[in-house]
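Here is a short note for a student who is learning to read a protein model. Please keep the sequence and the picture side by side while going through the points.

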Amino acid sequence: GKTADNSSFKYPGPEGANFFLPASGAPKIDPRDRALDDLFEALAIGVKSYYEKTGAFKSIGIALSGGRNSMLTSLVAWRAAQLIKDGTTIVTFYMPSKHSGDDTKKAAVALAEELGVTLQTIPINEAVEREIEATAQMLGGQQPTELTRQNIQARIRGQRMWNWANSSGAL
């Protein structure tokens, strides 16, 4: 039988080419970039699924240090929040100590602004110094290593995030 007249279609298929497949001259997507995009989306879907299946959370919180790890975690959480249907909010916390630099604060502020999320600054210097002192006492007066000092900051940030999450019903 006769087919419909497609001359009035706004976007007709390309002349002599397949409408559904990219033209042979189309730019190729790097397999590594595709894999990283797929991994990012899978992580966000995993967070979204956990958030929705538990039904226990009201928001998502991130300790945003200004480094790569917290930046990537924030991006995954931001994408998950986009996928969650209830308008989930993200709250980020910058927790500096005397070992924190201006660059990390600038990075944390810039990322929070770009993502449109709340950023609170909660200093942890006193807690870090108390823990360094306690560790030195346990070492018989010897100062903890630089690696230990860095881990003390991370552990304090983690503990504070757990306390906040438990008290506010957040992931």
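The numbered points below go from the overall layout to the sheet, and then to single residues.

1. This is a predicted model, in which local features need pLDDT of at least 70 and side-chain atom pairs count only at pLDDT 80 or more, while totals for chains, interfaces and linings use all residues. Residues are numbered from 1 along each chain as its sequence is written, and side-chain values use heavy atoms, with hydrogens and water left out.

2. The secondary structure comes to five helices and three strands, where helices (H or I, at least four residues) and strands (E, at least two) are DSSP runs numbered from the N terminus. Read along the sequence, these elements follow the pattern α-β-α-β-α-β-α-α. Of the 171 residues, 27% count as buried, a word that here stands for under 20% relative accessible area, with exposed meaning over 50% and partly exposed lying in between (1.4 Å probe, protein chains only).

3. The three strands form an open sheet in the order β1-β2-β3, with parallel pairing; two strands pair if DSSP finds at least two bridges between them. The edge strands are β1 and β3 (118-121), each of which pairs on one side only, and the twist averages 25° from one strand to the next, with axes being lines fitted to C-alpha atoms (for helices over the stretch in contact) and angles running from 0 to 180 degrees between N-to-C directions.

4. Strand β1 (residues 59-63) is mostly covered, since four of its five residues are buried. It pairs with β2 (residues 89-94) in the parallel sense over five bridges, and within this pairing I62 has T92 in β2 as its bridge partner. Between β1 and β2 the chain passes through helix α2 (residues 68-83), giving a right-handed β-α-β crossover, meaning that, with the strands pointing away from the viewer, the path from the first strand over the helix to the second runs clockwise.

5. Which helix holds A165? A165 lies in helix α5 (residues 146-168), and A165 counts as buried because its relative accessible area is 14%. A165 and G61 are 104 residues apart in sequence, yet their C-alpha atoms are 7.1 Å apart in space.

6. Finally, L36 is found in helix α1 (residues 31-54), and L36 counts as partly exposed because its relative accessibility is 41%.
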